[in-house]
Amino acid sequence: MNPAHEPLPLEFYNKPTIELARSLLGCLLVKETEEGPASGYIVETEAYKGPGDRAAHSYGNRRTKRTEIMYREAGVVYTYTMHTHTLINVVSGGADEPEAVLIRALEPHEGLALMEKRRSGKKPRDCTMNDYGRPLTGPPLYIAKGYEPQDILSGPRIGIDNSGEAREYPWRFWIKGNRYVSR
């Protein structure tokens, strides 16, 4: 573990999902491998509020092999693949409350050369399906304290057009002016 980064304690994740989505902004997502560490500041998130949220994978209490981890305790990783990308979520809500926060964008911090090498298609990406279910409280994948963002904005989530009224919920949060935020 990089001595400069101390993983956040499990207690950090035990808060309402919307609050967690905002609290994650400015935190540092760290992935340690044999090749070295790579990290980035979380600059954009989206909250998904479980069974009552038509945009959530667990809408209507859908319990599948893919969503099973969402029914466990907060503070673990929920990954899934969309197109060619692995998306990473922080499970929130607690046991049998299948909610999660999508980490939508990172601002690279350390390991930039390693990230570029991995993105060439010849090496695994930083976060993969192998991270599914990992606790975020220690290596190889964890979240550490970063910085306090000065200005946080919120608005509708992105890419969920077929989710009825849920597409309008202002549960996307981002750091104003950060160039790594989705367009």
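Author: Start with C27, which counts as buried at 7% relative accessibility. Buried means a relative accessible area under 20%, exposed means over 50%, and partly exposed lies in between, all with a 1.4 Å probe and protein chains only. The model is predicted, so local features need pLDDT of at least 70 and side-chain atom pairs count only at pLDDT 80 or more, while totals for chains, interfaces and linings use all residues. Residues are numbered from 1 along each chain as its sequence is written, and side-chain values use heavy atoms, with hydrogens and water left out.

What is the closest cysteine sulfur to that of C27? It belongs to C127, at 15 Å, which is too far for a bond. C127 is buried as well, with a relative accessibility of 15%. A disulfide is a covalent bond between the sulfur atoms of two cysteines. Here the term is applied to a pair of cysteine sulfur atoms within 2.5 Å, and the structure holds zero of them.

Rolling a probe the size of a water molecule over the atoms shows where empty space is left. The search uses a 1 Å grid over the protein atoms alone: a pocket is an open set of points with protein on both sides within 12 Å along at least five of seven lines, whereas a cavity is a set of points where a 1.4 Å probe fits but cannot get out; lining residues have an atom within 4 Å of a point. The points are joined across faces, edges and corners, and the volume is the space filled by probe spheres set on them.

The second largest pocket has a volume of about 200 Å³. Its lining has 13 residues, and those nearest the centre are S23, C27, K145, Y147 and E148. By type, the lining splits into seven nonpolar, three polar and three charged residues. Nonpolar covers Ala, Val, Leu, Ile, Met, Phe, Trp, Tyr, Cys and Pro; charged covers Asp, Glu, Lys and Arg; the others, Gly among them, are polar.

Two or more lining residues come from each of β1 (28-33), β2 (36-48), β3 (77-82), β4 (85-92) and β5 (99-110). Such strands are DSSP runs of E with at least two residues, helices are runs of H or I with at least four, and both are numbered from the N terminus. The largest contribution to this lining is made by β5, with eight residues. In this lining, 24 residues are nonpolar, nine are polar and seven are charged.

Two strands pair if DSSP finds at least two bridges between them. β2 and β9 do this in the antiparallel sense over three bridges, with T45 as the partner of F173. β9 also pairs with β8 (residues 152-155), again in the antiparallel sense, over four bridges. There, W174 stands opposite L153.

In a regular strand the side chains alternate between the two faces of the sheet. In β9 (residues 172-175), R172 and W174 lie on one side, F173 and I175 on the other, and all are buried.

These strands sit in a chain with two helices and nine strands, in the order α-β-β-β-β-β-α-β-β-β-β. Of its 183 residues, 49% count as buried. The C-alpha trace spans about 40 × 35 × 35 Å along its principal axes.

Some loop residues complete the picture. The loop between β4 and β5 holds D96, which has a positive phi near 60° although it is not a glycine. D96 is exposed, at 53% relative accessibility. N61, in the loop between β2 and β3, likewise has a positive phi of about 60° without being a glycine, but N61 is partly exposed, at 45%. A cis peptide bond, with omega about 10°, joins P139 and P140; P140 is placed in the loop between β6 (137-138) and β7 (141-144).
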